[in-house]
Amino acid sequence: MNGMPTLDQYLVLSAILFAIGTAGVFVRRNVITILLSIEIMLNAVNLTFVAFGRALGSSDGQIIVFFVMTVAAAEAAVGLAIVIALFRHRQSLDPDTFTLLKW
Amino acid sequence: MTIDVIPFYLFGAVAVVASLLVIAQRSPIYSVLLLIASFGALSGLYVLLDAPFVAVIQIIVYAGAIMVLFLFVVMLLNAPHEETEEDLAREAGSRPRSASSGLKVFGVVLAALFVVELGWALTRRGGGAFPGRPVTSVAAIGLSLFTDYAFAFEVTSVLILVAMVGAVVLAHREPAGGNAHWGEGGSQGGPPE
């Protein structure tokens, strides 16, 4: 408890954030909120990468975070485009209404 | 050695509480704004971890670009609030609702399992205080990015291009009765069911 926080504290915080994102994906019934929960999970993983990179004294963790952010941006763009297309067809954001592929 | 524990708990608490509120919110616009607060707190944690480059990128790219994209879409779609359980019960109809509540219980249990499991697995190596000196300089990161990770960097640019084209194609509105090159045509865009 003296001085700097340890690696374990960062990792536990990251686990909590990841679990919050997981719960959000299952609990919410709004496609946009589900996408936001996925962003929470990506950020929890980013925190793990940076913490481990700091613990190992290398810059690789920060570079991986750079790539994760790029992929997250691509995912957000495509995901939101799909949301717009779905909303145009169904006038709803409830994932339970998207049952076209269900039989 | 300075007392870094206090800002750690401060930023950590803000991140966790804001993320919980993102999930607890029924209105998507508040969820997006709270997620920006959560990202700000995470940025503070990156500063504590001696990663100022990641902290700045977090603010600029995540809070500045990606979340604004979300905000645009929420406002574009007129942000319909999520239906409450009462609304759904009133217009119950044929849709089975029991599966949804079971799914929620499953999600919460899975989240609790993740906290225990990830916390246990990640902290098994017994990481204490950080040894060694951190890599904080942007020059070192850039050097590594453009030498060791040059191929991944180039692939990333292709990924962004594909995502951009894909987003345009997916969100493209067909002209009514026009010549549709892809999709199922724009003539049947009426309200469903």
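Residues are numbered from 1 along each chain as its sequence is written, and chains are lettered from A, ligands from 1, in the order written. In this predicted model local features need pLDDT of at least 70, side-chain atom pairs count only at pLDDT 80 or more, totals for chains, interfaces and linings use all residues, and side-chain values use heavy atoms, without hydrogens and water.

User: How many residues of chain B are in contact with chain A?
Analyst: Contact means heavy atoms within 4.5 Å. On the chain A side, 78 residues take part. On the chain B side, the number is 93.

User: What is the area buried between chain B and chain A?
Analyst: The size of an interface is often given as the accessible area lost when the parts come together. Here buried area is that loss, taken with a 1.4 Å probe and summed over both parts. Carbon and sulfur atoms give 73% of the area between chain B and chain A. The total is about 7900 Å².

User: What is the phi of Asp50(B)?
Analyst: Asp50(B) sits in the loop between H2 and H3 of chain B; helices are DSSP runs of H or I, at least four residues, numbered from the N terminus. Most residues other than glycine have a negative phi. Asp50(B) is not a glycine, yet its phi is positive, at about 60°.

User: Is Thr33(A) buried or exposed?
Analyst: Thr33(A) lies in helix H2 (residues 31–56) of chain A. Leaving aside residues up to four places away in sequence, Thr33(A) touches Arg28(A), Val22(B) and Ser31(B). Buried means under 20% relative accessible area, exposed over 50%, partly exposed in between (1.4 Å probe, protein chains only). At 2%, Thr33(A) is therefore buried.

User: Which helix holds Val169(B)?
Analyst: Val169(B) is partly exposed, because its relative accessible area is 36%. Its place in chain B is within residues 150–171. That helix is H7.

Methods. Helix = DSSP H or I, 4+ residues; strand = E, 2+ residues; numbered from the N terminus. Buried area = accessible area lost by both parts, 1.4 Å probe.
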